[in-house]
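Hi everyone, thanks for coming. Let me put the structure up on the screen, and then I'll walk you through it.

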Amino acid sequence: MDEKKMAIIATKGTLDWAYPPFILASTAAALGYETQIFFTFYGLQMLKKDISDLKVSPLGNPGMPMKMPFGPKWFRDINWNIPNAVQSIVPGYESLATTLMKMTIKNNGVATIPELRSLCQEADVKFIACQMTVELFGFSHSDFIDGIEYGGAATFFEFAGETDICLFI
Amino acid sequence: MNFDKELDARGLNCPLPILRTKKTLNEMSSEQVLRVVATDPGSVKDFAAFAKQTGNELLSSSEAGGEFTFFIKKK
């Protein structure tokens, strides 16, 4: 039986959007899929050596519930509907939101992004960084973890053309 | 039910119970049985799907007091 294959293009560079590619890739690998992720544009953030500083922004994100991960239940149930105008002038607002999000992640037994990334690597998920955006954003290969490949659109299609599942995230 | 190995996946959320299960199965030999205990309600459907796709047999799946117990026989 031929091994199934999955390819993902990861384009986002925030803490929240780092989840879908790493969750899907690690799970696909556990199910026996040969899996590749092509990181391009802001997705390159997820390949940096230290990814503990990825942030989440509630600014301009009306879909994001703003709830406190501590205190009594009635307090945790409040959805803090803070206007964009206020969010944008408070210094450190994103860092605060990120800290709260990380607490929520921990409280819920959800894996951290560094953990999911290493689970992908252990399961032989192949990481490919888009060389064009590496140069465009002034990164160098030493900014990124070892064991990744660098390539372009044609490299992506070589594998993607053979896949059963192909996602753009 | 008899089992050869046990995995405590309580408190873990998707996709960790499946990933840990896969990793544990890798360390076991064919026909051996793994018992997994999880608290993630999504794990019921996930373990059935995992078994179907990987060919490892889900011998039983049960719930008691908010804990889900799965017995999986390695292919």
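Let's start where the chains meet: how many residues of chain B are in contact with chain A? Keep in mind that this is a predicted model. Okay, eleven residues of chain B are in contact with eleven residues of chain A. On the chain B side, the elements that give two or more residues are H1 and helix H2, which covers 43-54. H1(B) gives the most, with four residues. Sorted by class, that side of chain B has six nonpolar, four polar and one charged residues.

Now let's zoom in on the helices. When two helices pack, you describe them by the angle between their axes and the distance between the axes. Here, helix H1 of chain A, residues 19-30, packs with helix H1 of chain B, residues 16-26, at an angle of about 35°. Their axes are 9 Å apart, and H1(A) passes H1(B) in a left-handed crossing. Who meets whom? From H1(A) we have Ser26(A), Thr27(A) and Ala30(A), and they meet Ile18(B), Leu19(B) and Lys22(B) in H1(B). That contact divides into three nonpolar, two polar and one charged residues.

Last stop, the sheet in chain A. Five strands make an open sheet, and the order is E4-E3-E2-E1-E5, with parallel pairing. At the edges sit strand E4 (149-151) and strand E5 (165-168), each pairing on one side only. From one strand to the next, the twist averages 20°. Take one pair as an example: E2(A), residues 34-39, and E3(A), residues 126-130, run parallel over four bridges. There, Phe38(A) has Ile128(A) in E3(A) as its bridge partner.

Methods
Residues numbered from 1 in each chain as written. Chains lettered and ligands numbered in written order. Predicted model: local features only at pLDDT ≥ 70, side-chain atom pairs only at ≥ 80, totals over all residues. Pairing = 2+ DSSP bridges. Axes fitted to C-alpha atoms, helices over the stretch in contact; angles between N-to-C directions. Left-handed = near helix turned anticlockwise from the far one by under 90°. Contact = placed C-beta atoms within 7 Å. Nonpolar A, V, L, I, M, F, W, Y, C, P; charged D, E, K, R; others polar.
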